[in-house]
Structure formats: structure tokens, C-alpha cells
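Thanks for coming. Please have a look at the model on the screen before I start.

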Amino acid sequence: MNGIFTALICSFDEKGQVNEKGLREIVRHNIDVQKVDGLYVNGSSGENFLMSADQKKKVFEIVKDEVKDEVKLIAQVGALDIDEAVELAQYATNLGYDALSAVTPFYYRFDFEEVKDYYNTILENVDNKMIIYSIPALTGVSMNLDQFAELFENEKVIGVKFTAPDFFLLERIRHAFPDKLIYSGFDEMLLSAAVLNVDGAIGSTFNVNGQRAKQIYALAKESRIDEAREIQKVTNDLIAEILANGLYQTIKEILKAKGVDAGYCRKPMKRLTEDKVKNAKAMAVKYC
Ligand code: NAY
């Protein structure tokens with residue numbers, strides 16, 4: 001379960017329905033062109049929180065059918081409706097997903113006991129492993145070292161997707177839990193996280209920049225930091241342009257420029273203006 005995992009983008013048609021052909025093409029592009037080690041399905045980048053439970057199931061099914069056992073698969077099943085989270089966890093497990101992940105429950109400012117109960121409830125109902133999805137900037141849920149330690153007490157919790165710029169906490173978790181899997185969640189900070197000896201990374205920009213991410217990670221593991229820094233610099237030039245242009249929409253336009261039917265985002269995410277589509281096409285030529 002180590003290495004570079006793409007936070008998979010999903011293709012939707014003009015009406016916001018899952019575009020199966022496009023989704024399969026995105027999967028193939030990630031495996032055949034970006035050559036990533038695995039896929040993180042129905043995360044933020046997959047627009048998970050904009051989809052119905054049926055749509056999420058459809059995505060899990062299509063991706064597993066396309067991938068078979070070519071790369072590792074992590075199913076993000078977190079949902080505010082805990083029954084839905086359990087149902088999705090069981091569904092993905094039955095399909096053969098290698099591990100589950102669930103975002104910390106958000107919106108109602110749950111206290112830590114509630115967060116812990118959420119993970120334990122999901123895991124009591126499914127025979128699979130869990131990777132905590134921590135993304136405080138979007139959920140408002142920050143956890144400290146002791147709280148991660150409490151979550152890790154459940155043996156089925158095998159790691160964390162750490163999407164935060166807190167390198168002090170990241171180092172503390174790494175040091176305290178050498179046997180848990182830590183995935184870096186901010187692609188622009190991959191090198192810094194790799195230096196701290198994370199086990200891998202999960203990122204949206206790997207859909208279009210996975211090859212560079214693999215190089216950064218491999219070079220860092222070999223302590224070839226100067227070379228890794230050069231590649232992180234080009235990567236961050238691209239990420240800065242993507243973020244300024246509209247994150248997921250721009251990744252989709254870059255994929256389209258590469259011949260992948262990446263479709264549209266679901267509302268209320270907006271469409272790119274013509275100028276921004278042009279910017280994305282220029283990024284595809286310059287970087288991808
Ligand atoms: C997800 O679940 O899809 C992720 O969290 C992947 C991590 C990404 N975070 C978000 C919010 O999209 O790859 C990052 C991020 O897009 C990238 O670092 C650019 O900031």
C-alpha cells in the first residue's frame with residue numbers, strides 16, 4: 001500500500017451524471033500514462049460530497065471493474081449519514097477494495113469522542129482496514145498527536161491521509177507510529193513530507209502530474225534531494241497555475257487536452273470560462 005496514489009477525478013456529463021466511458025479513460029490514463037501505484041476513489045477530488053450514495057456506488061463499481069488488480073484501490077466512504085458510510089464501506093469491501101478511508105465527520109463540530117465513535121462504528125460493521133482522512137482546512141476538524149494515538153488503538157486503523165501543512169505534527173506522528181501508513185495529502189508539499197519518511201502520497205494533481213510525483217518520491221527515498229527539489233519546483237509551477245485557474249475543472253481540461261474524456265464537474269462547481277479553458281490547454285502543452 002506504499003507509493004503514489006491518485007485522488008481520482010470523476011467524469012460527469014453535462015447533467016452531472018457519472019460518465020462511465022470517461023471515468024474508465026481517466027483510470028486508464030492514471031495507470032498507463034501516469035503509472036501511479038494506486039487510486040483513491042471518491043475523495044474530495046472525486047467530488048464525493050456532491051454525489052448521491054447511488055452515484056458513489058456506481059463509481060466504486062466502474063473503477064474496480066476497470067482496474068481489476070492492476071493497482072491498489074482505496075475507497076473513501078466517509079459521509080455525514082453514518083449508515084451511508086457503513087453501507088459504502090461494506091459495498092467497497094465486497095467489491096474487493098484494498099482499504100477504506102473516511103473523512104473526519106464535519107459541519108456539526110463533533111468532539112473527539114464522536115469522531116472516534118464514527119470510525120469505530122464503521123469498522124465494527126466491515127471486515128476491512130481504515131485510513132483516516134484528515135483535512136482540517138476543509139472539515140474544521142484538527143486532531144493532535146494523542147487523538148491520532150487513540151484512533152490508531154483500533155488495529156483496523158492502519159494509517160492516515162495527512163492533508164495539512166503541519167510538519168511538526170507530521171514528524172511527531174511518524175516518529176510515534178513507525179508501523180502506521182502515512183500518506184501526504186498536499187501535492188505541493190510532497191518532497192517535504194517524503195523527507196519525513198511518509199509511506200506515500202494521495203493527490204489530485206497526480207491525475208496529470210503523477211510521473212513527476214513518482215520521481216520526487218523515489219528521489220527523496222534515495223536522499224537525492226537536489227534533484228527532487230528541481231522536480232518539485234516544476235510541479236509547483238504547475239500546481240500554482242492549476243489552483244489559480246480552478247482546481248478540479250482545470251485538471252479535467254488538461255486531461256481532455258490529452259484525449260481523456262474527463263467531462264465536467266457537478267454543480268455547484270462552475271464551468272471554466274473560455275479564457276480559463278485556454279489556460280488549461282496551455283498547461284497541458286507546457287507541463288504534461
Ligand atoms: C482527495 O480526497 O481527493 C484529496 O484530498 C486529495 C488531496 C488534494 N486535496 C484537495 C482538497 O483537493 O491533492 C490535494 C490538492 O488538490 C493539491 O495538493 C492542490 O492543493
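First, the ground rules. This is a predicted model, where local features need pLDDT of at least 70, side-chain atom pairs count only at pLDDT 80 or more, and totals for chains, interfaces and linings use all residues. Residues are numbered from 1 along each chain as its sequence is written, and side-chain values use heavy atoms, with hydrogens and water left out.

Now the ligand. How many residues surround the ligand? There are 19, and the closest are Ser45, Tyr133, Glu188, Ser204 and Tyr248; to be counted as near, a residue needs a heavy atom within 4 Å of the molecule. By type, the shell holds 10 nonpolar, 6 polar and 3 charged residues. Here nonpolar covers Ala, Val, Leu, Ile, Met, Phe, Trp, Tyr, Cys and Pro, charged covers Asp, Glu, Lys and Arg, and the others, Gly among them, are polar. Strand 8 (200-203) and helix 11 (247-257) each give at least two residues to this shell. Helices (H or I, at least four residues) and strands (E, at least two) are DSSP runs, numbered from the N terminus.

Next, the annotation. An unreviewed UniProt entry marks Tyr133 and Lys161 as "active site". UniProt positions are given in the numbering used here, feature names are shortened, and annotations may be inferred rather than shown by experiment.

Are these two buried or exposed? Tyr133, in strand 5 (residues 130-134), is buried at 2% relative accessibility. Lys161, in strand 6 (residues 157-162), is buried too, at 4%. Buried means under 20% relative accessible area, exposed over 50%, and partly exposed in between (1.4 Å probe, protein chains only).

Last, Lys58, which sits in helix 2 (residues 53-67). Lys58 is partly exposed, at 37%. Glu20 is 38 residues from Lys58 in sequence and 8.8 Å away in space, C-alpha to C-alpha.
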